[in-house]
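Welcome, and take a moment to turn the model around before reading on. We will go through it together, one region at a time.

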Amino acid sequence: MRRLGLWSSVGIVIGVTIGSGIFRTPAGIAARVPDPGWMLAVWLIGGLISLCGALSVAELAASLPQTGGWYVYLRESWGRLAAFLFGWSELVLIRASSAGAIATVFSEYFLRSLGYDPALHDAATDYIAAANMAPTWTPLTLITAASTAAKFGALALLVVASFLLGGGSGGTAANFTDAGGPVSPGLFGLALISVLWAYDGFADVSFVAGEVRDPQRTLPRAVIGGTIAIVAIYLAANCAYLFVAPIEQIAQSRLIAADTMQAIFGGIGAAAVSVVVMISTLGSLIAIILTSPRVFFAMAEDRLFFKSLARVHPRYHTPHVAIGLAAALGVAFVLTRTFEQLADTFVLSIWPFYGLAIAGLYRLRRLRPDLPRPYRVPGYPVVPAIFVAAVIYLVTNALVSDPVWTGATFSIVLAGIPVYYVAFARK
């Protein structure tokens, strides 16, 4: 049943994308890029890359408005093996690391809302994050919608308050022009990974394309409009952070949103924004669980999914076994990895598939010229090429700068190849 309109679709784009990144990653980015101008530049570059991806995937979404999103695009452009590897990574790596990172931010801001410093209570942070995986069992669209409005509104309020009242708390425009430290190209690339974690989700509405009304018109408008809104609010939020605190202080602030609001409004401000971030992260967790099972549905229809994991809940009509496995893996990831490791693992395991799917645009235009295309990428072939080139740079830089962790991530992804040939190639 197609019940999602334009604003509901835009809400999914914003709700999934604005999760934990803008509230947690600025510290790591400032540490890797200790120069105000370059720090803002990496956020802008990440936004432009994401916008190129949004402009490109909108053509795929309009041409192939089927449930499954990226899985469908990979299957139609590159075949069953590429599609299976994406679904395999989604099951064992992508969603677990994503949910684990988001749950970690929830637990950190939860402790901060109670007046505790999460840096001094790492064990408590891990256990609360693990417990927070429980809501993944119950998809609640009401919480998702409420969290979308809360998080976007809170960021807007933070920006306005910072520039109007931050001057009385030491805020100054001089923070934008202070000389920073040297910027290493390798660290700049790693900072871009963190930025892309914050921007990820710009096309997740495509997972539920089968439930969108008039998808040929609605999906491109939702993906592009939502992405532009996110880029604008992210840049504004980082400018607000930088106005209130110098970049050296941002690099030391794990909970930058709470620290910014505390500088302006005191403990009440920190507690209030911490509650909003908790709602934000909880909504993102639920949005992830609402969208990602559609991949497993599409795989099951193609006989590319394990029967034991494809069982559907009799009441909620969701693949509850697959969801439970992802939640269990998320708990294990939370207890064994840091937030930065979880976020980097997610980006390195999913963005290569994004690049492959966008590259599939060229292949589909050549092999399937009669495919309906109610929307075409503006600036083709340059715009998709920019996105693909950015993904190649991202992967290459990660292999050079952090070969062990990157190699381990790719090994798990590629482990799906023998699984495919043993269990699914002949079906």
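Two or more lining residues come from each of α1 (6-17), α6 and α9 (185-199), and α6 gives the largest share, 3 residues. Sorted by class, the lining has 6 nonpolar, 5 polar and 3 charged residues; here Ala, Val, Leu, Ile, Met, Phe, Trp, Tyr, Cys and Pro count as nonpolar, Asp, Glu, Lys and Arg as charged, and the others, Gly among them, as polar. A search of the whole structure finds 5 cavities of 30 Å³ or more.

How is such a space found? Rolling a probe the size of a water molecule over the atoms shows where empty space is left. In detail, a cavity is a set of points on a 1 Å grid over the protein atoms alone where a 1.4 Å probe fits but cannot get out, and lining residues have an atom within 4 Å of a point. Grid points are joined across faces, edges and corners, and the volume is the space filled by probe spheres set on the points.

A word on what you are looking at: this is a predicted model, in which local features need pLDDT of at least 70 and side-chain atom pairs count only at pLDDT 80 or more, while totals for chains, interfaces and linings use all residues. Residues are numbered from 1 along each chain as its sequence is written, and side-chain values use heavy atoms, with hydrogens and water left out. The pLDDT is the predictor's confidence in each residue, from 0 to 100. Its mean for the protein is 83, and 88% of the residues reach 70 or more. Confidence is lowest in helix α7 (residues 122-131), at a mean of 49, and highest in α17, at 94. Over residues 135-142 the pLDDT is below 50, and beyond near neighbours in sequence this stretch has 12 contacts in the model.

Now for the overall build. The protein has 19 helices and 0 strands, taken as DSSP runs numbered from the N terminus (helices are H or I, at least four residues; strands are E, at least two). Of its 427 residues, 58% count as buried, a term that means under 20% relative accessible area, with exposed over 50% and partly exposed in between (1.4 Å probe, protein chains only). Among contacts (heavy atoms within 4.5 Å) between residues at least 6 apart in sequence, 84% join residues at least 24 apart.

Because 7 of its 9 residues are buried, α5 is largely enclosed by the rest of the structure. The buried residues are W70, Y71, V72, Y73, L74, R75 and S77. Just after α5, G79 takes a positive phi of about 105 degrees. A83 counts as buried because its relative accessibility is 0%. A83 and L304 are 221 residues apart in sequence, yet 8.9 Å apart in space, C-alpha to C-alpha.

Next, follow the charges. The whole structure holds 11 salt bridges, each a side-chain nitrogen of Lys or Arg within 4 Å of a carboxyl oxygen of Asp or Glu. In one of them R373 pairs with E59, their closest N and O atoms being 3.5 Å apart. This pair links distant parts of the chain, with R373 in the loop between α16 (339-367) and α17 (382-401) and E59 in helix α4 (residues 36-63), 314 residues apart. Both R373 and E59 are buried. R95 and E90 form another salt bridge, with closest N and O atoms 2.3 Å apart, and both R95 and E90 are buried. R24, E108, R254 and E340 are linked in a network of salt bridges.

We finish in helix α17, the place of N397. At 10% relative accessibility, N397 counts as buried. Beyond neighbours within four places in sequence, N397 is in contact with P185, G186, G189, L190 and D402.

Methods:
1 Å grid on protein atoms, 1.4 Å probe; cavity = no way out; pocket = protein on both sides within 12 Å on 5 of 7 lines; lining within 4 Å.
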